[in-house]
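Trainee: Hi! Could you walk me through this one? I've never looked at it before.
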Amino acid sequence: MSVTRSTFDAVRLEVIWSRLISVVDEAAKAIVRTSFSTLSNEANDFACVLTDARGRSVAQNTGSIPSFIATLPATVRHFMEHVGVEHMRPGDVLITNDPWMGTGHLSDVCLVKPIFLGERLVAFASTTSHVPDIGGRLRAIESRQVYEEGLQIPLMKLVDAGRVDQTLVGLIRRNVRTPEQTLGDIWAQLSANELMERRVLDLMRDYRLEDIEGFTGEILDRAERAMRAAITEVPDGTYEYAIETDGADEPYRFALALTVDGDRIHADFTGTSPTQPRAINCVMAYTYAMTAYAIKCTLLPDLPNNDGMFRPITVHAPPDTLVNPSYPAAVVARSNTGHYVPVCVFGALARVLPERVMAGAGSPLWVFTVTGLDDSGKPFANVLFFNGGMGATADADGEHCLSWPSNISSTPVEVTERNGPLVCHYKRLRPGSGGRGKHRGGLGQDILFECVSERPLLALFMTERTRFRAPGLLGGEDGGIGAVEVNGVAVDTRKQHVLHKGDRVLLRTPGGGGYGDPAERPADLRALDQRLGYL
Amino acid sequence: MGRYSLGIDIGGTFTDVVAHDHASGRQVSRKILTTHDDPARAVLDAVDDIVRRFDLDPAGFRRVVHATTLFTNALIERRGVPTGLLTTRGFRDVLEIGRERKYDLYEIAIRKPAPLVPRDLRGEVTERIGADGRVLTPLDEADLLAAARALADAGARSLAIVFLHAYLQPAHEQRALAVLREALPQVALTASHEVAPELREYERGSTAVANAYVKPLAERYLDTLATQIRARGIDADVSMMMSSGGLTHLAEARRTPVQMLESGPAAGALAAAHFGAADAGGRLLAFDMGGTTAKLSLVDDGEPLVAYGFEAARQRRFIENSGLPIRISTIELIEIGAGGGSIAHLDALGLLKVGPQSAGSEPGPAAYGRGGDAPTVTDADFALGYLNPDYFAGGTLAIDLDACRAALGALAARAGLDTEGLAWGIHDVVDENMASAARVHIAERGKDPADYALLCTGGAGPVHAWTLARKLGIRHILCPPSAGVASALGLLVAPARVDRVATIGFRLVDGDLGRLEAGYRALEAEAAAVLAEAGLDAGAATVQRLADGRFVGQGFDLVVSLPAGPYDGGDDTATRAALRAAFEAGYREKYQRTPPDVPVEFINVRIAVRLPIEGPPVAGPGTDAGAADPVKGQRAVWFPEGGGFVDTVVLDRTRMRVGDVREGPAVIEDEGSTLVVGPGGRIEVLPSGNLSVRLPGEAAT
C-alpha cells in the first residue's frame, strides 16, 4: 500500500529530506573526486539531482552552482517525453548534451538513470558535468552556430538495459581531444548515478515507501507555499530595469519588466538584444536559472533547492533574443550573457526591496588564455580565471575579487608560472575601483603578466564591463571599468593577440557598484578606506 | 619512587589533567575551569591538587604531554599579536584576495574571513624567484630592512615572510630571516617555507601568517608553563601534542605553534583509537558528542586518518571553505552542530530542525531550570526516558522536568505533534544530521560504515549511539569506561611524530629517480634532526613515505603511501612500476577506478616519522571485583522499534563485571553519561573495560 501524504509530519519529512540531500551530496563528492575537469573538481561546475517518477526535483546537491537551478529536472522531463517512460527499462542510462534540453552548452553532459523498484519506475537519478573537452573549435566564442561547438549528443540511451552503446562511445572517443578524460568523466557520472540509485532504494526500504511521489509532493508544496508567502510581502507592480553591456561590435541591451502579482513573479525580457552570430547566446533554461537564482537570493536564501519554490516564478523572453536563442545558435559562452540576468533582477527589485538586493558586480568572470609551444616545443594552454569586485548591499560593502554569480576560483600565480612561460609581476587590489556609496563596491584587481617565451604566444581574452561599468544602486556610484593593456596600450579584447618575449599584459578587472549616497558613508569607514588604501 | 606520566589538556571550557602511574596502571585526574587570562594557572592548580591529593612525588614524573586549544581560540577571537606580512613585491594583497570563491552561493552580503594582517601592515620587498627556482631578482636587503622596520614601527610584533616559489627555493626567505633576526630581535619571525613548504601562495601564506599571529603568545605561554612545571620539582621535558596526533618538543612547538591548532581534538581521536584497539580490529568511527558539537573521525588499522590541511576560524563554523586555510598535517575529523544543547525549531517549511544554535551551558536546556525555554536535544532525551533526572551528571544537577515538558510541549503544539512524538523527532533529526554528515564523509574516503565499530564518548555520545549506529548500518558499538578526560588520556598514548613535506613536481614516467630519492632523504634528515633535538633515538623511528600525486590534468592531489626506498640505483623500470602501482592502489581505494593511459605526477613528497613511546600505558581496565547487583531499577524508555515506551532495566555501570552479558533494552548509567541500548541489543562487558553492544540484524529506520 502506498504511504499517503498525511503520514508525513514535520519530523518524517525532515528526516527523509535530510537523507535524500545526503544522497545527492554523497554523489557530488564522488564526482568531485573522480572527474578530470578542473571545472568539476575545483569550480563545482556540475550538479546531482534526484527527481520523483514525474520528473519533479526533490533534492539537489548543496554546492551546485546557480546555473543548474531547475535544469536537470527539465532534462528528465524531456527524456520522459522524447524517449517515453514506456521505453525505459531497469539498467538504462540516458544521455544528452543538447543545450536546449540540458544546461545551455555542449560541454555539460547530462546523464539520467531511471530508478526501478522491481519493475516499477519510482525516481530518476540525474547528473550533469562539464567535461574537459567535447570537440569543436578551440576559440569557441567566435562560433556562429552550434555545429562549430563540438559533438552533439541527442536525447538517447547510453546504456540500454545494462548494455553500453559502443557506437556512441566510439563516436565520442573520435570527436573529442581528450577521449580518456572526457569518457572518464562520463563514467564518473555514471557511478554517481548508480550510487544515487542504490541509496534511494535503501531509503525506500528503510522507510517502507512504495513511491516517493507523496513525499515529494508534500515537500514541493511546502516550498511553494514558502515562496508564495515571501512574494506576497513584495508590493505588487511592474518594475523595469535595463542595462547595456560590452557586446561585440555594438553594445547589447538587457531589458527586464518584473511583475509582482500577489504570490507570483513574472519576468519578461522583451526588448533585449537579438540572438548574436557568436557563442554568447543564453538558452532559456539558463535565463530561467539565473532569474530564479536572483529571486531566491532575495527572498529565500536559506532553503535547499527544489522545484516547488520555483513554481511561482515564470520567465518570458521573446524567441531569437540573446536570452532565448533558437537552434542552431552558438551558445558555449552563455554565462557571459546569463550572468547579467541576476543584475537585471536586482535592479528591478531595488525599487521595492532595496534592503535585499546587491548593486552590480564586477562580473561575469574574466578568462585569459595563453597558448603556444613552450621552449621545449611542447604545446601548452594556460587558462586563467580572474574576478572583479562584488556589489555593495544595504548591509555591507561589496567584497573584493569574488566570483559571482558563478563560483570559480582564480588560478594561483605559482601554478600559472609552472604551467607556461609567463611571469606575473603583480596581482593586487585595484584602489579606487569600488563604486563609492554609503556602502562601497568591492575592489577589482590588477594583474600584470610578462611573456618570457622565446616563441610567440597567442593570447585570447574573455572580458566584460570594459565599456559599461557595474551599476551602483540607490545613489551609489558605478564600479571601476575593466581594461586590458598590452605594453601600456589599451587593446580590443575581442581580437586575439600575439605575445612576444618581454610583452606585458595588464588585466584590470572591474569593481563592484556602490550602494546608497556616498555622502552618507560613516566617517569611520571613510577613514578605514583611507588607511587601507582602498580609495 | 613512583613513576608517572602527566597529561594536560586545555579546552575552551575545562582544563583536564591526568596522571598515570606506570607501576599500578592506575590513573587519577582533575578537571577544572580553564583560566583564560592566564591559562597556565589552571594547569598548575590542577597539578598541585593531584600531587597533594594522591600524594605523588613530583620527581617521579617521567613525561609531561600537553594539548591546548589556546592558539585556535586566539585565531577565532582574533586575540593574536599585531602581525605584519612581507611578500614579494606586487603580492601583498594575495592574502586578502584569496581564492575568489564563495562559501555561500545565496548570501549576497557575504564576508570573506578577514585577513589576520590588515592591508596597512602588509609590506613588499624587491626580490623574485622563478617557477624553476632560479633567482629572477636578487633580494634587496636594504629594501627588506626598510619594509620590515616600517611594519615594526607601525606596531607589528610578529612578521610573516611569504615569497613566491619559496617552497622550491627558500634562499631568499632564509636570508630575510637571518637579516631580520639581527636587525629586529624583538620581533617574532615566521617564513612560509618553514611551516608549509607547498605550492600555492595563498594557502602557504595563510598558514605562515596564522603561525606568526600566535607565535609570541605561544612562546610566552609555553615558557611560563615549562618554568612553572619545573619549579614544582617535576623534572621532565614537556612534549606537545600536534594536530597530526604526534608529539613534538617545546622548541619545535615554539617555532611552529600552528601545528598545535587541533591538538585537543587530535588527542581525543587518539584516545578513541586506543580504547578501541583491542575490541574492534582497529576500525572505528569515533563519535564524540558534547553540549554544542559532535565530532566524528575514522580510525583505520588503529590509526586515526590524517588530512593534510584544514580551516581555522571559520566565518561560519560548520560551513566548508569559510575559514583560513592551514596547510599542516592534522587528524581528520568532521564537526557537526549537534550536541545536547542544540535547539529544536521549525523552519520556513514547517520542518523540524535541530541546531546548530545551542543553548550552551547558560541558560542550557530547559531541564536545567536556569531559564532556558527553548527545547533542546537534552530535553528530548529526558522526555524519552534516556536520561535519569535524579542522576544527571552523577546527580550533581537538579533537573526541572516541568520546564523540560513545557518547552517541548510548546513546540509540539506548533508542529502538530504530541510531546513524545516531538521528543522522538528531535532525537531522530539530530541523529540523522550526524548520520548524513558521516555518510558523506565516509563516502569521500571510499569506505563503508558497516565495516566500522562506533566508539562513543562525550556526555551525549552514548545516549545517541544506538540510533546513529542503526542509521549508518553499523552493527557494533563500543563505549569506553568513564572517559570524561578521554583527550588527556589520549596524550599519554601518542607517539613522537614528525611530518615534513616539500614540493617536487616529479613525472613518474620519466622523472629523475635520483632527485626523488634525494627529496625524501632531505626530509628524513630534517625529521631525524628534530627527533635528535628532543633527545630521541631517530634510528628506532618508523618512516612512512607518502606522495601528493595526481593524474596529469587533474586539479587536485591525492596523498598515497609509497613503498620504502631507496628509489635510485636499482632497476628503474621496476621502481617506476612499483611507485605507479602504489599510487593507483591508493587512487582505487578512494575512487574505485583509475583512468587508463594517463601519466602520473607527484607534486609533493611527504614523510611521517613516528617513534612509539616507551611502556604504553592506560585504558581503564575492566573490573571483576564488585559482586553487587548492577540493576538500579526500571523505567519507561522510548524505543520506536519497540512501539513506544518500553519498560526498561536501568543498570549501574560501576557495578557491572567483566564478562557480564545482557539483552537490550537497557540503559546503563555512570557519572559521565548514559548508554542507551534498544531491544535486541546484546551487551557485554569486555576485559578492556569497554562496554560492547551488538545490534540485531534487521534494517535501520
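Mentor: Happy to. Let's start with a term: a residue is buried if 20 or more other C-beta atoms, placed from the backbone, lie within 10 Å of its own, exposed if 12 or fewer, and partly exposed in between.

Trainee: Okay, how much of chain A counts as buried?
Mentor: Of its 535 residues, 59%. Keep in mind that this is a predicted model, where local features need pLDDT of at least 70 and side-chain atom pairs count only at pLDDT 80 or more, while totals for chains, interfaces and linings use all residues. Residues are numbered from 1 along each chain as its sequence is written, and chains are lettered from A and ligands numbered from 1 in the order in which they are written.

Trainee: What's the radius of gyration of chain A?
Mentor: Chain A has 24 Å, which agrees with the value near 24 Å for a compact globule of 535 residues. That radius is taken over C-alpha atoms, and the globule rule is 2.2 Å times the number of residues to the power 0.38.

Trainee: Which residues touch the most others in the largest nonpolar core?
Mentor: Among its 366 residues, they are A:Val24, A:Leu50, A:Val345, B:Leu159, B:Phe287 and B:Leu454. Such a core is a set of buried Ala, Val, Leu, Ile, Met, Phe, Trp, Tyr and Cys residues joined through C-beta atoms within 7 Å.

Trainee: And what is A:Val24 in contact with?
Mentor: Leaving aside neighbours within four places in sequence, its contacts include A:Cys48, A:Leu50, A:Ala59 and A:Met196. Contact here has C-beta atoms, placed from the backbone, within 7 Å.

Trainee: Switching topic: how many helices and strands does chain A have?
Mentor: There are 11 helices and 20 strands. These are DSSP runs numbered from the N terminus: helices are H or I with at least four residues, strands E with at least two.

Trainee: What about the open sheet of four strands in chain B?
Mentor: That one runs β6-β5-β9-β10, with parallel pairing. Its edge strands are β6 (122-125) and β10 (188-191) of chain B.

How values were computed. Contact = placed C-beta atoms within 7 Å. Pairing = 2+ DSSP bridges.
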